[in-house]
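Open the model in your viewer and show it as a cartoon.

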Amino acid sequence: MDAIREFWATTRRFPPDFDGYRFLGKAVNEVGKAKFGPTWTGFEASPPRLLMPQPDPVLGGIPFDELAKPHERLAIDLLLQKHRPDFGRPFPERGPFGPVVAPFTFEQWNEGIRLAKETDAKSLAIRQRFAVVVSSLIECLREGRMRSALRPERGGEYSAFLPPSSWNSEGIDCRFSLCRMHPIRHFSGSVAGDGHQLIFVDIEGLEKLLASISPVVGSGMPISRQIADMKIKDPSLVRGDIAKRFPALSKGEFDMHWKRAAEALPDLKKAGRPPRKSTQ
């Protein structure tokens with residue numbers, strides 16, 4: 001188990017609330033549960049490794065397995081071992097340069113590719129959920145609607161509130177992996193070590209964010225589906241009306257879900273009120 005997965009698997013060890021502060025790891029899970037309901041697992045920061053090249057699934061274009069690299073063949077084999085034991089594939093043998101995977105039949109390889117795509121789709125959904133939560137928290141911290149401070153890992157006094165500008169960067173998602181940052185080198189890009197300290201946020205600002213999250217967002221239904229359902233139930237709703245029902249989403253987040261909803265419901269692309277019927 002790697003350090004990040006172990007960190008999120010032991011939330012009971014997270015520091016307790018004290019003096020109006022809450023540990024960032026707790027805040028991440030609270031916002032995640034509020035936004036995604038039971039879909040949020042708490043392991044979004046350490047999703048399964050992607051098996052297919054992104055964004056173009058090169059493996060999916062290979063007609064058979066001869067051109068696949070050794071690690072790709074092993075990944076496909078492990079998926080088949082786990083999900084298709086009926087194929088009766090032998091376990092890889094130990095070779096001088098690593099595991100030696102048995103040849104695949106055409107059916108086995110195609111099924112392995114399908115399973116890899118299915119696995120990656122789930123992993124990408126997990127990554128997206130985490131990105132949405134991180135984006136929401138960064139936006140609040142950058143705009144000063146929530147404040148943050150640092151504390152030595154072993155305990156002690158909190159630092160002075162960090163300036164909102166310390167969150168004004170596009171390369172700080174790494175802070176959320178282990179909820180740590182360096183007290184001086186704010187934008188170092190490292191996730192831990194070398195004097196890093198624990199990140200805390202003020203409870204008052206966090207609670208305001210949680211209160212702003214519409215209950216409909218945390219219902220467990222995909223937000224794009226909720227948007228489409230709203231339009232179906234009330235065709236007079238325009239984009240602005242629907243956006244107001246998701247106050248916890250940033251404009252970028254809402255635009256992403258709106259685009260998906262419009263793909264399923266073309267009427268949303270009109271984004272305006274339907275023309276009035278003539279009374280003549």
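In which helix does Ala131 lie? Select residues 106-142: this is helix α4, and Ala131 lies in it. Remember as you go that the model is predicted.

**Stop 1: Ala131**

Ala131 and Asp173 are 42 residues apart in sequence. In space, their C-alpha atoms are 8.3 Å apart.

**Stop 2: α2 and α6**

Select residues 24-36 for helix α2 and residues 203-212 for helix α6. How do their axes cross? They come within 10 Å and cross at roughly 10°. Angles under 35 degrees count as roughly parallel, and α2 and α6 are therefore roughly parallel to each other. Their crossing is right-handed.

Next, show the side chains where the two helices meet. On the α2 side, pick Ala27, Glu30, Val31 and Ala34. On the α6 side, pick Leu206, Leu209 and Leu210. Of the residues in this contact, 6 are nonpolar, 1 is charged and none is polar. Look at the spacing of your picks along each helix. An α-helix has 3.6 residues a turn, so residues three or four places apart point the same way.

**Stop 3: α7 and α9**

Move on to residues 223-233, helix α7, and residues 251-264, helix α9. Their axes are 8 Å apart, and the packing angle is about 65°. This crossing is right-handed.

Which residues of α7 meet α9? Select Ile223, Ser224, Ile227 and Ala228. Their partners in α9 are Phe254, His257, Trp258, Arg260 and Ala261. The residues of this contact divide into 6 nonpolar, 2 polar and 1 charged.

Stay with α7. Is it largely enclosed or largely open? In α7, 8 of the 11 residues are buried, so the helix is largely enclosed by the rest of the structure. Colour the buried ones: Ile223, Ser224, Gln226, Ile227, Ala228, Asp229, Met230 and Lys231. Their cover includes α8, at residues 239-243, and α9.

**Stop 4: confidence**

Finally, colour the chain by pLDDT. The average is 83, and 86% of the residues score at least 70. Where does pLDDT stay under 50? Select residues 215-219. For this stretch the model has 15 contacts beyond four places in sequence. Where pLDDT is low, the predicted coordinates should not be read in detail.

Conventions:
Residues are numbered from 1 along each chain as its sequence is written. This is a predicted model: local features need pLDDT of at least 70, side-chain atom pairs count only at pLDDT 80 or more; totals for chains, interfaces and linings use all residues. Side-chain values use heavy atoms; hydrogens and water are left out. Axes are lines fitted to C-alpha atoms, for helices over the stretch in contact, and angles run from 0 to 180 degrees between N-to-C directions. Helices (H or I, at least four residues) and strands (E, at least two) are DSSP runs, numbered from the N terminus. Angles under 35 degrees count as roughly parallel, over 145 as roughly antiparallel, 65 to 115 as roughly perpendicular and the rest as oblique. A crossing is left-handed if the near helix is turned anticlockwise from the far one by less than a right angle, and right-handed if clockwise. Contact means heavy atoms within 4.5 Å. Ala, Val, Leu, Ile, Met, Phe, Trp, Tyr, Cys and Pro count as nonpolar, Asp, Glu, Lys and Arg as charged, and the others, Gly among them, as polar. pLDDT is the predictor's confidence in each residue, from 0 to 100. Buried means under 20% relative accessible area, exposed over 50%, partly exposed in between (1.4 Å probe, protein chains only).
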